[in-house]
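Please read this briefing with the structure open beside it.

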Amino acid sequence: MSKSKTFCVLPWMHLATNASGNLRVCCNSTPGINMIVDSSGKPYKLYRDDLKTAWNSETYKTIRKQMLSGKRPDMCIRCFREEDTGLSSARNSANKKWLDPNAEYVENPELNIRYVDIRLGNLCNLKCRMCNPYASNQWLKEWELISPGMEASERNRLKKMDWPENPKTWENLFSISNTVEEIYLTGGEPTIIHEQHQLLQHFIDLGTAKNIRLKYNINMTNIPKHLLELWTHFKRVQLNCSIDAYGELNHYIRYPSHWSTVTKTWEHIQTLDNVVYEIHCTVQMYNILKLNELIEWAKPYNTRIYFNILNHPRELNIRVMPKDLKDLAAERLQPYLALEKVQGIIDYMYAEDWNDKYNRFLEYTNALDTSRDENLFDLIPEFKI
């Protein structure tokens with residue numbers, strides 16, 4: 001059958017978790033409504049539940065049915081919001097890479113996981129401004145400034161996520177050993193999460209590592225030697241290097257990283273065998289006025305910059321910008337319209353006016369500035385309006 005205009009291949013061949021081990025549709029789907037849940041509304045968990053049961057759950061059946069009939073699932077608004085402004089979305093990319101034109105896509109497919117996106121906890125060494133304690137344990141102390149009232153039990157859970165140590169986690173992951181083609185590891189910061197070694201070693205011991213691609217989002221602060229050795233056994237390793245700005249502004253956004261460390265790691269990556277790499281830039285309020293500086297820094301490397309538009313928290317989305325600052329950002333990006341997604345970023349920024357959240361943006365920023373002894377206006381004086 002022909003595919004509908006809203007079809008996405010991921011619910012037919014993809015396994016994704018969040019850092020808490022809950023199964024979700026994909027990493028681009030809307031937090032809070034994107035979990036794979038059982039009949040009581042509780043999320044299926046990689047470390048507790050059977051994958052086959054989750055695969056045939058009502059959540060999956062519903063989203064597959066919606067996509068086959070041309071409907072837009074509510075949890076997929078991020079992709080459709082980007083597509084409506086002419087941007088290529090994660091849905092578009094997934095279909096381009098994974099869609100089999102000869103396959104029959106039905107509501108109850110066999111379990112055939114080819115692509116795994118796994119977050120093995122929230123252990124991290126940074127507390128990026130757009131992050132939260134669910135993805136970085138470093139955020140716990142400051143989270144009360146942003147979203148007060150977290151229960152003590154939840155705080156304790158986030159201090160140490162030990163669910164990857166549960167044997168069921170590995171039973172589930174090992175059960176798809178013969179079909180998986182690509183594993184995407186992010187965090188937390190995946191280069192410092194030790195539990196991944198058990199996963200990688202399993203594929204090496206099984207003899208299938210040579211057929212599997214690995215993909216990482218890394219924060220450019222550390223790549224352990226033992227991890228480098230494991231990588232040599234795999235078909236290919238793709239490193240999505242998270243760099244959001246040039247120089248001190250990158251430190252401000254990805255606090256407390258240092259630009260000297262980021263650039264040293266960047267140079268080292270380029271010497272590695274079996275590794276491909278690109279810059280991944282999260283486009284947000286803090287860097288939209290300075291993207292030109294990052295682009296200029298990257299020019300000599302002739303490396304692709306993948307621009308990923310931040311969706312959450314909403315007060316950091318570039319649609320919050322006042323009109324005069326949107327105009328300034330668009331003007332500064334004019335020389336780079338030939339680059340992938342740059343025109344789309346501009347169109348997306350203007351597509352909706354979220355300026356009613358601008359005061360919340362300033363409050364959010366001031367809370368972190370006070371905590372970290374920093375000042376947004378020192379780095380981006382344009383916001384002093």
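Two strands pair if DSSP finds at least two bridges between them, and strands (E, at least two residues) and helices (H or I, at least four) are DSSP runs numbered from the N terminus. This is a predicted model, in which local features need pLDDT of at least 70 and side-chain atom pairs count only at pLDDT 80 or more, while totals for chains, interfaces and linings use all residues. Residues are numbered from 1 along each chain as its sequence is written, and side-chain values use heavy atoms, with hydrogens and water left out.

- Eight strands form an open sheet with mixed pairing, in the order 2-1-3-4-5-6-7-8.
- Strand 2 (23-24) and strand 8 (305-309) are at the edges with a single partner strand each, so one side of each has no neighbour in the sheet.
- Strand 7 (residues 275-283) runs parallel to strand 8 and is joined to it by five bridges, and isoleucine 279 stands opposite isoleucine 305 in strand 8.

**Helix packing**
- Helix 7 (residues 167-175) and helix 8 (residues 196-206) have axes that come within 11 Å and cross at roughly 35 degrees, where axes are lines fitted to C-alpha atoms, for helices over the stretch in contact, and angles run from 0 to 180 degrees between N-to-C directions.
- Trp170, Leu173 and Phe174 of helix 7 meet Gln198, Leu199 and His202 of helix 8, contact meaning heavy atoms within 4.5 Å.

**Cysteines**
- The structure holds zero disulfides, a disulfide being a pair of cysteine sulfur atoms within 2.5 Å.
- Cysteine 27 is in no disulfide, and the nearest cysteine sulfur, that of cysteine 26, is 5.6 Å away.
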